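Please keep the viewer open as you read.

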Amino acid sequence: STVVLKFQLFGAGNVPTDVGVSNATLSQGPASSVLTYEPYYGLKAKPFSLSTDPRSLYQSSSHAPVFEDLLAAIRRREGLIVLTGDIGTGKTTLCRAAIYQLDRKTFTTFVPDPYLSREDLLRMLLVGFGEVSVHDLKQGCLKGAPRADLGVQVYEFLTSLESVDAFATLVIDEAQDLSPPLLDEIRALSEMEAGRRLLQIVLVGQPELRARLRARDMQQIAQRVTTVCELTPLSREGVAGYVSHRLAFVGGTRDRVEFSPQALDLVFNGSFGIPRLVNRICDRALSYGYLDRSALIGQSHVERALQEVWMVPPRQELGLLGQEVAWREAAIEG
């Protein structure tokens, strides 16, 4: 079967190659055909993009401690680190922001797909760390290589870092869906040593990951976990700060665009404090504000945005309680 390799490679200075808002974008703005309300509000890019640009991280009272704990654990070169949080709370962005702060001696690769074989994971490590090319795996000396040969190549690369005092970190997203064989491969990788630990692994997942690690058959993995971080939703104040931060990040000023306190209350209630949902709601609210040519994004704009995002009837047709239930059901399903 054909193996599709998907990986995130961090290059010099640990700047990810696919960041959502580049310096060029912030200084010049994307093509006008891409923009809708942004020029009207004086914004240089989409403020509520769903991209995981590490520079857009808002360090709220709930996010900042987790960010510091994660960064400190990586810098201490601990073995297995676990980061959990509900869908859309910003786990991936926070991980990339932490990696963005690391020095050039830390080689990092990001694996977004947990549905891999053990061989696929080793191949992704070799490509992600720049040890081999995709051509080598498809047509070169490693084409069809068994797990043992791939493991030797990974080990040789990791031990070579010791001579230059470098280190390697692997981040695996959606780790709650890892298969038992792949978890066993992760355990084996975490045990690699040559006078010191060779590979640091960060498992990122939904709350179910913690439940899995508490199972009896997972103790070989759980006992190697040194740091556990949990990312929680934003508070009402956190949502207000997050919205202001995202607008300011792309050049927004309060005299050009601002959300009213009532609008922010509704954003908080409708998003449950989950940043991804805040992004969706605020993006649509800005579109409605632009249609009204209003610098102040008010409650009516957010209400219309919520009706679109959750695809539920207006408040007067459903009732406030029923609408909240519908929003929550839509959030769970979506």
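In which loop does Arg77 lie? Arg77 sits in the loop between α2 and β2, the strand that spans residues 80–85. Please bear in mind that this is a predicted model. Although Arg77 is not a glycine, its phi is positive, at about 60 degrees. Its relative accessibility is 27%, so Arg77 counts as partly exposed.

You will find Asp165 in the loop between α6 (147–160) and β4 (167–172). With a relative accessibility of 42%, Asp165 counts as partly exposed.

## Helix α2 against helix α3

Helix α2 (residues 63–75) packs on helix α3 (residues 91–100) at an angle of about 50 degrees, and the axes are 10 Å apart. That angle makes α2 oblique to α3. The crossing of α2 past α3 is right-handed.

Which residues bring α2 and α3 together? From α2 come His63, Val66, Phe67, Leu70 and Leu71, and they meet Leu94, Cys95, Ala97 and Ala98 of α3. Sorted by class, this contact of α2 with α3 holds 8 nonpolar residues, 1 polar residue and no charged ones.

Now turn to helix α10 (residues 236–249) and helix α12 (residues 275–291). Their axes come within 11 Å and cross at roughly 60 degrees, which makes α10 oblique to α12. This crossing of α10 and α12 is right-handed. On the α10 side, the contact is made by Val239, Tyr242, Val243, Arg246 and Leu247, while α12 brings Pro275, Val278, Asn279, Cys282 and Leu286. By class, the contact of α10 with α12 has 8 nonpolar residues, 1 polar and 1 charged.

## Helix α11 against helix α13

How do the axes of α11 and α13 lie relative to each other? Helix α11 (residues 261–271) and helix α13 (residues 299–310) have axes that come within 8 Å and cross at roughly 20 degrees. The two helices, α11 and α13, are therefore roughly parallel to each other. Their crossing is right-handed.

The α11 side of the contact is made by Gln262, Ala263, Leu266, Val267 and Gly270, and the α13 side by Gln299, Val302, Glu303, Leu306 and Trp310. By class, the contact of α11 with α13 has 6 nonpolar, 3 polar and 1 charged residues.

Leu198 is found in the loop between α7 (180–190) and β5 (199–205). Leu198 is buried, with a relative accessible area of 2%. Not counting residues up to four places away in sequence, Leu198 touches Tyr155, Leu158, Thr159, Phe167, Ala168, Met192 and Glu193. Between Leu198 and Phe157 there are 9.6 Å from C-alpha to C-alpha, with 41 residues separating them in sequence.

Ser117 lies in the loop between β3 (106–111) and α4 (118–128), and it is partly exposed at a relative accessible area of 28%. The C-alpha atoms of Ser117 and Pro181 are 7.7 Å apart, and the two residues are 64 apart in sequence.

## The whole chain

How many helices and strands does the protein have? There are 15 helices and 8 strands. Of its 334 residues, 49% count as buried. The protein exposes about 15,500 Å², and carbon and sulfur atoms supply 51% of that area.

Among contacts between residues at least 6 apart in sequence, 77% join residues at least 24 apart.

Definitions and conventions. Residues numbered from 1 in each chain as written. Predicted model: local features only at pLDDT ≥ 70, side-chain atom pairs only at ≥ 80, totals over all residues. Heavy atoms only, no water. Axes fitted to C-alpha atoms, helices over the stretch in contact; angles between N-to-C directions. Helix = DSSP H or I, 4+ residues; strand = E, 2+ residues; numbered from the N terminus. Parallel < 35°, antiparallel > 145°, perpendicular 65-115°, else oblique. Left-handed = near helix turned anticlockwise from the far one by under 90°. Contact = heavy atoms within 4.5 Å. Nonpolar A, V, L, I, M, F, W, Y, C, P; charged D, E, K, R; others polar. Buried < 20%, exposed > 50% of the residue type's maximum accessible area, 1.4 Å probe, protein only. Areas by Shrake-Rupley, 256 points an atom, 1.4 Å probe, with all protein chains shown as cover.
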